[in-house]
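Subject: Structure for you to look at

Hello,

Here is the structure I promised. Please open it first, then read my notes below.

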Amino acid sequence: MPKHLPAFVTLLAYLTMAAPALADWKRYENDYFVVYSQGKSKVVEQLVRELELFRAAALQVFSVSAPDDAPKTMVVIAKNRKEYRDFGGSDRIDGFARREGAQTLIVISASGMASRNMRTARHEYAHALLGYSEIDYPNWYEEGFAELASLIDIDEESESFVLGLGTRRRIGARVLAVPWNQLIEDDFNLHRLPGMAASNAYGQAWLLMHFLAIGPDRENAQRLGAYLASVRQGTPSAEAFQAAFGRMPDDIWQNEMQGYSEQLPYYRLRFRGLTPVSYTHLRAHETL
């Protein structure tokens with residue numbers, strides 16, 4: 001295995017070439033994903049299935065879409081943390097995504113908690129769904145959306161899912177890493193914060209998205225659309241937010257969102273028109 005392959009093109013070339021180095025890797029492919037892994041087939045197959053269901057749920061409830069001609073998302077499941085680091089991963093995060101044009105690559109590690117790894121894959125795929133749009137989303141929106149989407153909980157029968165669950169982000173959101181008004185500014189980037197501050201800032205972005213996108217005031221979702229439309233036209237984020245909502249996030253926190261975070265609403269929804277997707281299981285160096 002070559003060491004340190006952070007370059008997107010280099011990694012794609014390595015994964016798709018017919019080489020002895022890939023002899024122990026397996027490839028799983030369906031209509032939406034191409035997954036490479038040396039992990040146990042049962043584990044990988046379950047992840048592929050969960051990604052399919054997550055994709056269906058996200059497209060059903062959020063204002064995102066995936067073009068019919070979009071390239072399949074590539075997913076690499078490294079067998080351990082060392083291999084994950086060889087692919088360019090960092091010990092500070094459980095997974096990452098790279099995008100080149102319409103092509104997205106997601107890399108996660110198979111080691112550690114399966115539920116945490118699955119959530120990381122969902123978070124990164126949520127970014128991929130946003131990437132199909134031409135909008136240059138503010139950082140808080142990107143991460144808040146990915147966090148909200150990644151917590152979709154799918155039932156064991158694959159007939160319904162729950163939107164709006166909170167878990168640890170609910171706690172982190174109440175420990176403010178940054179002032180609320182700073183969170184939405186154009187030059188603010190959650191990734192630049194250290195350790196726990198970054199985690200809490202993710203919680204803030206998640207809570208603000210939760211409140212605006214699926215909270216009890218349904219008009220907020222329309223205002224959120226107006227905010228994004230204004231940002232897309234070049235309006236500074238803070239100015240666009242004030243114009244769309246008539247107030248700033250700090251005021252929303254003080255008057256509504258602080259209490260809202262104590263008892264978050266969540267919703268169980270049935271899948272609509274879900275079509276089972278089968279996969280083809282190949283050695284990584286084989287082709288269809």
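Tyr-141 is buried, with a relative accessible area of 10% (buried is under 20%, exposed over 50%, partly exposed in between, with a 1.4 Å probe and protein chains only). This is a predicted model: local features need pLDDT of at least 70, side-chain atom pairs pLDDT 80 or more, while totals for chains, interfaces and linings use all residues. Numbering runs from 1 along each chain as its sequence is written, and side-chain values use heavy atoms, without hydrogens and water.

Tyr-137 is buried too, at 11%. The structure holds 11 aromatic pairs (Phe, Tyr or six-membered Trp rings with centres within 6.5 Å; planes under 30 degrees apart are stacked, over 60 edge-to-face, the rest tilted). Tyr-137 and Tyr-141 make a stacked one, 5.1 Å centre to centre with 5° between the planes. Phe-161 and Phe-271 make a tilted one, at 4.9 Å and 50°. Both Phe-161 and Phe-271 are buried.

Tyr-137 and Tyr-141 also belong to one aromatic cluster with Trp-140, Tyr-227, Phe-241 and Phe-245.

Best wishes
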